[in-house]
Each structure stands twice: as C-alpha cells, then as structure tokens.
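Thanks for coming. I will take this one piece by piece, and the slide comes up now.

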Amino acid sequence: MHNDSIKKTVGVALAVCLVCSVFVSTAAVYLQGIQEKNKHLDKVKNILIAGGLYDKKADIQKLFSEKITSSLIDLSTGEALTEDQYTDKLSPKTFDIKTMAADNQLGKALTDEQDLAGIKRIPRDMLVYSVMNNGTVDKYVLPVYGKGLWSTMYGFIALSNDLKTIKGITFYEHGETPGLGGEIENPNWRASWNGKIAFDDQADLILQVLKGKVIPSSPDASHQIDGLSGATLTTRGVGKMIDFWFGENGYGPFLQKMREASSNG
Ligand SMILES: Cc1cc2nc3c(=O)[nH]c(=O)nc-3n(C[C@H](O)[C@H](O)[C@H](O)COP(=O)(O)O)c2cc1C
C-alpha cells in the first residue's frame, strides 16, 4: 500500500491510538493501588497536622497509631459504637465518608432546613479521632465537609479537650480556585484559627468566619476568623460547614456527651 493512501494513514493512526490506550489503561490500573495508598497517607498526614502532631521526619503511620485513637460516633446520639457493633461495611478500618453517606442504610439524607453546609447526605456515624496524651484526650480531630464555590471541601478541625477552643484546621480535598478559594490551604490562614473560641460558656456556637478582616481590638475577635479576600463564596462555605458540623445535626450531641462526661469526671 502506498504511504500517501488514506487507508494506510487511517490504519497507522488507529494503531497508534490502540497502543496508547492500552498503555494508558494499564498504567491507570497498575497505579490505582498506589494512588489509593497515597490518598490514605495524605489523609493521615492531615489528621496529624490538624492535631498539631505532624513531624516531617517521622513515620506518619507510626505517629498516628501511637498518638491517636479512632472511634465511630453515632451522630444522632453522640455515643461511640462498641466493637461488637462493627460490621464489614461499618468499622474504623473501612470507614469512608463518601461511601457511608451514599449508602441507603449507613447514610442519611438531610432536609433543606438541616443542610446548612450544602452536602445533601451524611454518614449516620462519623469517625472521630482523639489525640491522646498520657492516657487522656488532649484534643478531638473531627472530619468535616461542606460545599464551597466549585466543590465540596473535605477537612479536619481540631477542638481542645475544653470543648471550646479550636486547635487546628486542614483541608485535604477540594476543587476551589488556586489563589482564591484554594487559600483555605494557606498555612497562615489555617494558623489564624488556632486558639479561637468556638463555644461560649453556655455551649452556644459563637465561632464566625467573617467577610473581611477581624478587628483585633474588637471584643468579638477571639471567636472570629478573617474571610479570604477575593473568595467570599468559599469563605461563606467554610462558615456554613462550621455551623453544620458544630450544630445539632453534626457533632452537637457528641460534644454535649463529652461536656457532660468532663463535668462529671
Ligand atoms: C475564574 C474565577 C475563579 C474564581 N474562584 C473562586 C473561588 O474559588 N472561591 C470564591 O469564593 N470565589 C471565586 N471567584 C470569585 C467569585 O466569583 C466572587 O467574585 C468572589 O467570591 C467575591 O469575593 P470578594 O467579595 O472577596 O471579592 C472566582 C472568580 C473567577 C472569575
């Protein structure tokens, strides 16, 4: 067949496409396991960062298993599940927010009124991490998620064992614009959350994410967070995410249980 013939040109193009697609599919299948593992490690790293434990040089899996205990909490009662309640689909080892939320039995739909964070569904139980220090809980690292401008933002927020003070925040997955909403990952902005007061003495939520800057001399400054400039909509999403997860349909019942336990003990 002549090199200029249409048949030969199309044939060569198809052959190149076939070889490339086989190559790409093989690579995708082969790398899937590695990608899953890296995703898991990134999540562990973010839990450690939120909990103030991350050390670049440390083995993060080892640090996690030495310093952190994980418990599945029934969100509606605030009670921790016992090991005999674990199943193949519901256990700390297999827990995955998206899978749980989507499941008919293990997840539930939120009404429009309940859905402050724009997430539609939540798991019935959430995996909560306790940062331990000499056998007692130093802080809780709580998984949170909420809708930003372009995406659902997934992260962790750490609360001190006084159940009032924020100790850290991280985001490990989102699709907000780099330099605008993507600044939720900015270490300086994240650091500005540390020490802010989320709940007052009556356990009412007072933490606010502002549009604009906190006025340092304001009496409210201790419970306010700077908005991200040029990213009002993402910032609003973060604020609503806090309202939801620290409210009655999020960790409210769990935090109330912990308050009662600490005032009794
Ligand atoms: C390409 C593009 C990407 C944007 N990405 C974001 C974003 O990730 N988060 C956000 O809140 N606003 C984003 N915005 C800006 C919003 O449309 C809106 O103008 C902004 O939230 C208003 O914030 P400001 O009141 O602080 O200026 C983006 C705008 C453009 C044109």
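Strands E4, residues 125-133, and E5 run antiparallel and are joined by five bridges. Strands here, labelled E, are DSSP runs of at least two residues, helices, labelled H or I, are runs of at least four, and both are numbered from the N terminus. Two strands count as paired if DSSP finds at least two bridges between them. One of the partners across this pair is threonine 136 in E5, which bridges to asparagine 133.

Before going on, two remarks on the source. This is a predicted model, in which local features need pLDDT of at least 70 and side-chain atom pairs count only at pLDDT 80 or more, while totals for chains, interfaces and linings use all residues. Residues are numbered from 1 along each chain as its sequence is written.

Now the sheet. Five strands make up an open sheet, in the order E1-E4-E5-E6-E7, with antiparallel pairing. E1, residues 68-74, and E7 are the edge strands, each pairing on one side only. From one strand to the next the twist averages 25 degrees, with axes as lines fitted to C-alpha atoms, for helices over the stretch in contact, and angles from 0 to 180 degrees between N-to-C directions.

At the E7 end, six bridges hold E6 and E7 in the antiparallel sense. Isoleucine 166 in E7 is the bridge partner of leucine 159. The hairpin of these two strands has five residues between them, and there leucine 163 takes a positive phi near 60 degrees. Is E7 enclosed or open? Six of its eight residues, 166-173, are buried, so E7 is largely enclosed by the rest of the structure. Buried means 20 or more other C-beta atoms within 10 Å of the residue's own, exposed means 12 or fewer, partly exposed is in between, and C-beta atoms are placed from the backbone.

Back to E4, where leucine 127 lies. Leucine 127 is buried, with 20 other C-beta atoms within 10 Å. Leaving aside residues up to four places away in sequence, leucine 127 touches Ser70, Leu72, Pro92, Phe95 and Pro143; contact means C-beta atoms, placed from the backbone, within 7 Å.

Last, helix H5, residues 232-245. Its 14 residues should span 20 Å at 1.5 Å a residue, and its end C-alpha atoms are 20 Å apart, which agrees; the expected span is 1.5 Å times one less than the number of residues. Buried residues in H5 include Val238, Met241 and Trp245. What covers the buried residues of H5 includes strands E5, E6 and E8.

Conventions. Two residues are in contact if their C-beta atoms, placed from the backbone, lie within 7 Å.
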